[in-house]
Amino acid sequence: MEKRTQALDLDALRSFVVGIESGSFALAAKRLCRSTSAVSAQLKKLEMQCGVALVVKNGRRLALTQHGEIVLGYARRMLALNDEAQRALQGELLQGEIRIGMQEDFGESLMPGMLGQLKRHHPGLRISARIDRNHALLSGLAEKTLDMALMWQPDTPLQDGRLLGRCQLEWVYHRELDIDALLAQGEPLPLVMFASPCLMRARATACLDRAGIPWRVMFVSHSLSGIWAAVQAGLGITVRTRIGMPDNLRIAGGQLPSPGNLGIVLGQTPADGEVGTVRTLVARLMEEALADIR
């Protein structure tokens with residue numbers, strides 16, 4: 001009788017993939033909502049099933065062995081197929097319409113992939129999407145022209161909002177802008193900002209005022225692409241997160257006071273039944289995508 005090939009455990013594969021992507025199994029445990037010992041046990045189980053070592057310690061981080069690199073590629077494909085099958089089955093019941101809004105920072109990096117998954121797995125679902133600034137998204141939720149919106153955490157807590165994580169704010173500039181020289185000469189720091197009201201503009205000016213650093217708004221944009229273009233041209237410095245930051249820009253680091261961080265919230269209007277099921281799925285896709293871009 002031919003010996004039966006042992007099937008690889010999908011839960012163990014997921015722990016392995018998330019562990020490698022997170023850089024440690026302690027962080028993977030948090031993402032998977034499991035204990036660190038449980039995730040480590042899953043890795044040992046997978047190595048036993050494969051009959052080879054998959055990872056080695058490299059300082060505080062994990063490094064793949066040659067066999068681990070091979071397994072990682074197959075693991076991602078197997079998990080993707082498994083998740084696609086589950087969503088396809090769920091999609092037999094998901095119909096109707098969902099109206100999604102996203103803040104500009106998340107739009108380019110997160111929206112295309114998420115909408116593509118929804119359309120592939122739930123062809124009967126009608127999707128409308130909108131990329132806008134925080135103020136407009138809050139108005140959309142209040143006026144019920146949006147069902148859910150991913151945005152920066154507003155100063156006033158949302159009635160139905162869920163905190164998904166936090167992002168560090170950074171001073172971003174082009175190397176042609178000599179920040180040290182401006183500070184040494186006492187010249188006002190040129191700022192590239194959105195028009196008010198803007199959470200990041202308020203954070204930037206407040207922390208400069210507290211530090212006694214003079215500033216002036218040199219360039220005002222109504223779009224994120226305009227902000228990046230002005231900073232790349234050397235017109236001034238801005239405060240954003242690293243999400244979507246062009247490769248030729250730099251982080252000021254310790255030259256300027258830290259503007260802190262901002263929470264990422266998912267705001268929704270009340271829903272139940274099938275509509276609630278659709279929103280739960282969309283929220284899960286958003287969380288998964290956020291974990292990859294942050």
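Author: Let's start with buried area: that's the accessible area (1.4 Å probe) that two parts lose on being put together, summed over both. This is a predicted model, where local features need pLDDT of at least 70 and side-chain atom pairs count only at pLDDT 80 or more, while totals for chains, interfaces and linings use all residues. Residues are numbered from 1 along each chain as its sequence is written, and side-chain values use heavy atoms, leaving out hydrogens and water.

Reader: Which domains is the protein chain divided into?

Author: Domain bounds come from an automatic or database domain assignment. Here you get domain 1 (10-90), domain 2 (96-167 + 263-292) and domain 3 (170-259).

Reader: What area is buried between domain 2 and domain 3?

Author: About 990 Å², with carbon and sulfur atoms giving 58% of it. On the domain 2 side, Glu104, Asp105 and Arg133 lose the most area to domain 3, together 57% of what that side buries.

Reader: How many residues of each are in contact?

Author: Contact means heavy atoms within 4.5 Å. By that rule, 12 residues of domain 2 touch 12 residues of domain 3.

Reader: And which side chains meet in a salt bridge?

Author: The rule wants a side-chain nitrogen of Lys or Arg within 4 Å of a carboxyl oxygen of Asp or Glu. It finds 1 salt bridge across this interface of domain 2 and domain 3. Asp105 and Arg240 pair up in a salt bridge at 2.6 Å, N to O.

Reader: Which helix gives the most to the side of domain 2 that touches domain 3?

Author: Helices are DSSP runs (H or I, at least four residues), numbered from the N terminus. Helix 5 (residues 104-121) leads there, with 4 residues.

Key: Helices (H or I, at least four residues) and strands (E, at least two) are DSSP runs, numbered from the N terminus.
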